[in-house]
Every structure is written in structure tokens, then in C-alpha cells.
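Colleague: I am new to this structure and would like to go through it in questions and answers. Please show it to me before we start.

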Amino acid sequence: MKRRIVAERLANHLFTTEEAVDTTLALMGDLIAAMPRARLEAGLAAGVGQQAVDRVLEAASGMASARRSLIAAHAALAEARDQVGLRRVTLVGGGDKTDGDVPRTGHLHEVKSA
């Protein structure tokens, strides 16, 4: 039972982090779109603010890399879950690969054997 509790806590941290990264990427997308619009609206030359655009694009690329690493970490944690004897436990969180509407609670649910 202790392993399940620890796994649930860890899963909650993972799900929260994954959501934060996705939210950050979405906000960066909004910023990336707003920067050239602001330049056009202000009637400024094309080169104005280009360095800022470049830096934001670099940051977005870094966030995309962080997202890929989190996805890999998620898979590695699923493997570790199996190794510690929790193979039949499904960690339910935001964006899980399940059918239907699953509440975003991060709680553990035991998988019924086939």
C-alpha cells in the first residue's frame, strides 16, 4: 500500500509538471504571434524587435525539448511502476491515454485482470 501512495504522489507531481509545460508552450505561442502583430500595428520596420523574437523562439524550442524529455520520463516512470509490482495500477491524470472522460484527479485505479 505504501508504494501505491508514493506512486500517486509522484504521479501528481508529474501530471502537474506536464500541464505547466504545456501551458507555458501555449502562452509562448500567444507571445510569438503577438510580437509581429504589435510591430505591424505600430508601423515599425521589419527588423525592429527581431532579436526579441529570436530569443522567444529559442525559449519555445527549449520548452519543446523539455516537453519531449518529460514524455520520456513519463514512459520511464511507467516502466518503474511495473518493476516495483504496481503493473495493474493505472495512474489517472490529465491527458491519460484512456477512452471517455476521466476525471483529472491523479488518483490510482486498479486495472481489472483479463
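Colleague: Is E58 buried, partly exposed or exposed?

Modeller: This is a predicted model in which local features need pLDDT of at least 70, side-chain atom pairs count only at pLDDT 80 or more, and totals for chains, interfaces and linings use all residues. Residues are numbered from 1 along each chain as its sequence is written, and side-chain values use heavy atoms, with hydrogens and water left out. Buried means under 20% relative accessible area and exposed over 50%, with partly exposed in between (1.4 Å probe, protein chains only). The relative accessible area of E58 is 49%, so E58 is partly exposed.

Colleague: With which residue does E58 form a salt bridge?

Modeller: A salt bridge here is a side-chain nitrogen of Lys or Arg within 4 Å of a carboxyl oxygen of Asp or Glu. The two partners both lie in helix 2, three residues apart, about one turn of the helix. Helices are DSSP runs (H or I, at least four residues), numbered from the N terminus. The closest N and O atoms are 2.7 Å apart, and the partner of E58 is R55.

Colleague: How many salt bridges does a search of the whole structure find?

Modeller: One of them joins R81 and D82, with the closest N and O atoms 3.1 Å apart. R81 has 21% relative accessibility and counts as partly exposed, and D82, at 23%, is partly exposed too. The search of the whole structure finds three.

Colleague: How many residues apart are D22 and R67?

Modeller: Their side chains meet in a salt bridge, at 2.5 Å from N to O. D22 has 35% relative accessibility and counts as partly exposed; R67 has 35% and counts as partly exposed. D22 is in helix 1 and R67 in helix 2, so the pair links distant parts of the chain, and the separation is 45 residues.

Colleague: Are helix 1 and helix 2 roughly parallel or roughly antiparallel?

Modeller: The axes of helix 1 (residues 2–42) and helix 2 (residues 50–83) come within 10 Å and cross at roughly 160 degrees. Axes are lines fitted to C-alpha atoms over the stretch in contact, with angles from 0 to 180 degrees between N-to-C directions. Angles under 35 degrees count as roughly parallel, over 145 as roughly antiparallel, 65 to 115 as roughly perpendicular and the rest as oblique. Helix 1 and helix 2 are therefore roughly antiparallel.

Key: Helix = DSSP H or I, 4+ residues; strand = E, 2+ residues; numbered from the N terminus.
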